[in-house]
Amino acid sequence: MEDTKPKPVTPELSPAPSPAPSPAPSPAPSPLLERIALPAANHVEHLNVNQIQVVVRRCSTPNITEETTYFIPRNPVVDAGTNTDPPVVCCPLLRRFCPCPPRGLLASLITKVLLAAVLFGVVWSITEDECLPGGNLFGITILFICALLGGRLVALIRLPKLPPFPPLLGMLLMGFLLRNIPVVTDGVKIDFRWSASLRNIALAVILTRAGLGLDPTALKKLKSVCLRVACGPCLIEACTTALISHFLLGLPWVWGFILGFVLGAVSPAVVVPSMLLLQKDGYGIEQGIPTLLMAAGSFDDILAITGFTTCLGMAFATGSTWYNLLRGVLEVAGGLVAGIVLGFLIQYFPSVDQKHLVMKRSFLVLGLSVFAVFGSGVAGFPGSGGLCTLVLAFLAGLGWGREKARVEEVVGWAWDVFQPLLFGLIGAEIQVSKLEGYTVGLGIASLLIALLVRVLFTFVCVLCAGFNMKEKVFIALAWMPKATVQAAIGSTALDMARSRGDKVSENYGMDVLTVAVLAILLTAPVGALIIGLAGPRLLQQPKNSASGTAAAGEDDNESPITYESTL
């Protein structure tokens, strides 16, 4: 006999039957709904931003499906992870701007401070007093930060319709201030061996960039006027400076030529951004003036560096004059041969099938460049290191083809680190207490006379180049700013004299460095202003902007003369 007692009915949450039948059954409601106090089912209310709408469908019979709607708060009253009540927020505004745990900008700031503190702790545990005030690491760190801030501040100075001031001025001035403020000088001290090593590394990096930036297509398509502009003014200014400094400053002839080649290099860090700004507005593009100056800048610097390294080797050589001349020729030949061998070596090693190809190539070209600069001094041939670096970087880039752009990017990152150090250290070498007004005055006089001769000879070099009078005047004025090369090689002679303990050569080296710093401070901002002001007044824009732009694009496709190195 069957049991006829009624079965107990399971209570339900006031469902509201939906008129739409559905043959497919739905899963049972989630157990989370049983732990949360839910509002009445299908209660007619507007959905709040802090609520979640949950629709539960149940199949009670094969042909009828019941649908129930619940409004659940976004923050449940019970924490599912800890089974505890959530924390009570006493100040929602404070939680919005200062969440716990921190996120966003506050978390990033705390992380950077923590990383800096850990790094300082590790370095302090290894070097002890070196990273404390008065130590070399402490001085280098403070100098780097201050130089970086000085460069950023100068870069913020923007005048309408003028190119921006080069950040290197701020870096140079910050180094000068750190060395000449009495209270700061006692805490920020850098040994001259550390300073010389860092400057030589920066020199190796900048020579690597110059070698990689040489465009072989530009070498083939250069006209005679570009060669005249690249070589003539540099050689004339070097000879003029040597002659004037010999009689005014009392420098020996070889030291006069060292100063002349230091001052003979133009600064692409000033010229190239100014030319790009004029080219963007269409000034001089029909005559190819911006392209001419940007392409000739690299060859001008290479000629100056080669002449400087040759004279530097002769200045510290011992023996007769003919022996020193022969030694200079041998240093140039040795630098060329070593650069060719190393350049062809890193063309094929590492091979193209290896992993991390760009990083390996970047490490090799930078490592060999630094080794060439330092190793040539150790071997007793200091004049061959710079030329070796230029040749090996050029040949390596020539073999890598288009892939050298990625290596240039990595080398550019290295330059971003060493640029503030280079200019900060150069500024820190100048002490007002040790400067003589006589030397400064005669140095400025020598600089101005050499600049005047350079401007006049540059005007002569472009006489038969098809430019009108205004364009010739602009080219002559734009070819005088000095900055990066002077900072890179201006102190090299002084460092070598200090390492040898030669007091007389130290005085000569200090004179060379003083005039180089004066050249940077005077010609870099003035040159940028002259180019920005004289360009729109002396150069011509295309008569038809659209056709001029199109013509410029066609010319670029036919003869892609570029300047990739931002020395």
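A crossing of two helices is left-handed if the near helix is turned anticlockwise from the far one by less than a right angle, and right-handed if clockwise. Helices (H or I, at least four residues) are DSSP runs numbered from the N terminus, as are strands (E, at least two). The structure is a predicted model, in which local features need pLDDT of at least 70 and side-chain atom pairs count only at pLDDT 80 or more, while totals for chains, interfaces and linings use all residues. Residues are numbered from 1 along each chain as its sequence is written, and side-chain values use heavy atoms, with hydrogens and water left out.

Two packed helices are described by the angle between their axes and the distance between the axes. Axes are lines fitted to C-alpha atoms, for helices over the stretch in contact, and angles run from 0 to 180 degrees between N-to-C directions. Angles under 35 degrees count as roughly parallel, over 145 as roughly antiparallel, 65 to 115 as roughly perpendicular and the rest as oblique.

Helices α7 and α14 cross at roughly 125°, and their axes come within 9 Å. The angle makes α7 oblique to α14, and the crossing is right-handed. Contact (heavy atoms within 4.5 Å) is made by S197, N200, I201, A204, V205 and T208 of α7 with V365, L366, S369, V370, V373 and F374 of α14. These residues comprise eight nonpolar, four polar and no charged, where Ala, Val, Leu, Ile, Met, Phe, Trp, Tyr, Cys and Pro count as nonpolar, Asp, Glu, Lys and Arg as charged, and the others, Gly among them, as polar.

The structure holds eight salt bridges. In one of them, the side chains of R199 and D495 meet at 2.4 Å, N to O.

Helix α17 (residues 437-461) packs against helix α21 (residues 503-538) at an angle of about 60°, with the axes 10 Å apart. This makes α17 oblique to α21, and α17 passes α21 in a right-handed crossing. The contact involves T439, V440, G443, I444, L447 and L451 of α17 and D511, V515, L518, A519, L522 and T523 of α21. Eight of the contact residues are nonpolar, three polar and one charged.

The axes of α10 (residues 253-263) and α12 (residues 289-315) come within 8 Å and cross at roughly 160°, which makes α10 roughly antiparallel to α12. The crossing of α10 and α12 is left-handed. Helix α10 contributes V254, W255, F257, I258, F261 and V262 to the contact, and α12 contributes L303, A304, G307, F308, C311, L312, M314 and A315. The contact residues divide into 13 nonpolar, one polar and no charged.

Helix α3 (residues 104-127) has 24 residues and reaches 34 Å from its first C-alpha to its last. This is close to the expected 34 Å, the expected span being 1.5 Å times one less than the number of residues.

Most residues other than glycine have a negative phi, and most peptide bonds are trans. The peptide bond from F349 to P350 is cis, with omega near 5°. P350 is found in the loop between α13 (321-348) and α14 (357-378).

Technical notes
A salt bridge is a side-chain nitrogen of Lys or Arg within 4 Å of a carboxyl oxygen of Asp or Glu.
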